[in-house]
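Here's a quick briefing to read with the model open beside you. Have a look at the fold first, then work through the notes by topic.

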Amino acid sequence: MLFELTKLLYKLSYKSCTKCDQCAEQCPWYPAFKPSERVKGELEAVMHCTMCGRCVLACPLSVPVHKRVYDLRVEENILDKELIEIREKSEAIGHTFGVKWSPVVNRLKNMGYRVDEPAEWLFVPSAFDSLPQSFNDLLSEVWLLEKLGYDFTLSSVIAEGFGNFIFDMADIDYFKKKAKLLSKIVRELGVKGIIIGECGADYKVWPRLHLYIGEKIDFETLLFPQAIYRKLEKVRPVRKVKGIVSYHDPCGLSRYNFVIDEPRAILKKVCENFVERPPKGKRQTCCGGGGGVSFSRRLVNDAIKFIGPKKVEQFKGVDIVVTSCAKCKSMLMTYSLRLKGGFRVHRLSYVVAWSMGLEVPRP
Ligand code: SF4
Ligand code: SF4
């Protein structure tokens, strides 16, 4: 009932958009696309929205443009062609990237990490972490959780939090099915909650699952930077990250969950020279990867053209940009490489684990 009422209120608020364009410059795609074009339902504008929510901050009526885009994608299937093809393949295999989780989780099991065992928490990684090139990021997360004293297990069937299926692929029915599976595994394992690995889409959806599927969950959710921050006294670097280090807030953390100060407090502990490169926090400019953009070559190329130069300018002179989302990492790395930004990009878990002694290449 409350769910239906909220949906109705959102629909009424879309209608209140006056097309004044006061929000236009907040959009990472501006001047190529404007939020008001999304509210109108213009196809290319809808496909190019990252659902970052930054425009809402400037709107005098707080029109939730990102929710309008979400509704249009789910109800009218307005998605980039490439994304529709990817969705079909991904859903057939049951993984965002259409890869198998079993070799990865078995590798961790052979290293001594618990899988399908009773514990306090279930660790749910990012879908990116099943890819071979992300193994060190995944290892950093589990190594760190253990080092910080978390009693956790992995699951042999839960490779990801499936948030990409809702925010990127816009298939609410498929997501619901997978959310049910994850909830079942939580009950079977008897854990008190899930620690959500570094995935912006999973950060967005799990703490407010009722807004998306109208059902409440009866377990806790802990976002990865929150998990580190809770045990900040145990973050004891044996070596500090050198160079000028800055931070990019994933929208799933800053705008959707107000997790802003925690990653900065952590980075100040493990880096020699942490600097702020504004805008920060809820005003952070989007990396351009959300809403399915990072999965489509066409949309990524457009992001390199319209969003990349802004991010490269923001981090000019920085040696390492840290973020806490696999998708943000991938987009920022692409910009740095393609537009000669000159900065390296790492995940928060990686730099913290390295500083605490994990044997992975220096960030
Ligand atoms: S990309 Fe972000 S700022 Fe632009 S319209 Fe979409 S939600 Fe708003
Ligand atoms: S979303 Fe708000 S700020 Fe943007 S055009 Fe509509 S009314 Fe104006």
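Helices (H or I, at least four residues) and strands (E, at least two) are DSSP runs numbered from the N terminus. This is a predicted model, where local features need pLDDT of at least 70, side-chain atom pairs count only at pLDDT 80 or more, and totals for chains, interfaces and linings use all residues. Residues are numbered from 1 along each chain as its sequence is written, chains are lettered from A and ligands numbered from 1 in the order in which they are written, and side-chain values use heavy atoms, with hydrogens and water left out.

- Leu12 sits in helix 1 (residues 2-15), and at 51% relative accessibility it counts as exposed (that is over 50%; buried is under 20%, partly exposed is in between, with a 1.4 Å probe and protein chains only).
- Together with Leu5, Leu8 and Leu9, Leu12 makes a nonpolar surface patch of about 390 Å².
- Patch members have over 30% relative accessible area and no salt bridge; like charges are joined within 9 Å, and nonpolar side chains (Val, Leu, Ile, Met, Phe, Trp, Tyr) within 5 Å.
- The areas come from the Shrake-Rupley method with a 1.4 Å probe, and for residues only the protein chains shown count as cover.

**Helix 7**
- Helix 7 (residues 135-147) is largely enclosed by the rest of the structure, because 10 of its 13 residues are buried.
- Among those buried residues are Phe135, Asp137, Glu141 and Trp143.
- Just after helix 7, Gly149 takes a positive phi of about 90°.

- Tyr30 to Pro31 is a cis peptide bond, with omega near 10°; Pro31 is in the loop between helix 1 and helix 2 (35-40).
- Another cis bond joins Pro278 and Pro279, with omega about 5°.
- Asp116 is not a glycine, yet its phi is positive, near 55°; Asp116 is partly exposed, at 38% relative accessible area.
- Ala170 also has a positive phi, about 55°, but Ala170 is buried, at 6%.

**Salt bridges**
- There are 20 salt bridges, counting a side-chain nitrogen of Lys or Arg within 4 Å of a carboxyl oxygen of Asp or Glu.
- Glu120 pairs with Lys192, with the closest N and O atoms 3.1 Å apart; this pair links distant parts of the chain, 72 residues apart.
- Lys316 and Glu313 pair at 4.0 Å, and both are exposed.
- Asp129, Asp137, Glu141, Glu198, Lys329 and Arg347 are joined into one network by salt bridges that share partners.

- Of the 20 residues lining the largest cavity, Lys204, Cys251, Gly290, Cys325 and Cys328 are the closest to its centre.
- Helix 10 (200-205), helix 13 (251-257) and helix 17 (326-338) each give two or more residues to that lining, and helix 10 has the largest share, with three.
- A cavity here is a set of points, on a 1 Å grid over the protein atoms alone, where a 1.4 Å probe fits but cannot get out; lining residues have an atom within 4 Å of a point.

Methods: On a 1 Å grid over the protein atoms alone, a cavity is a set of points where a 1.4 Å probe fits but cannot get out, and a pocket is an open set with protein on both sides within 12 Å along at least five of seven lines; lining residues have an atom within 4 Å of a point.
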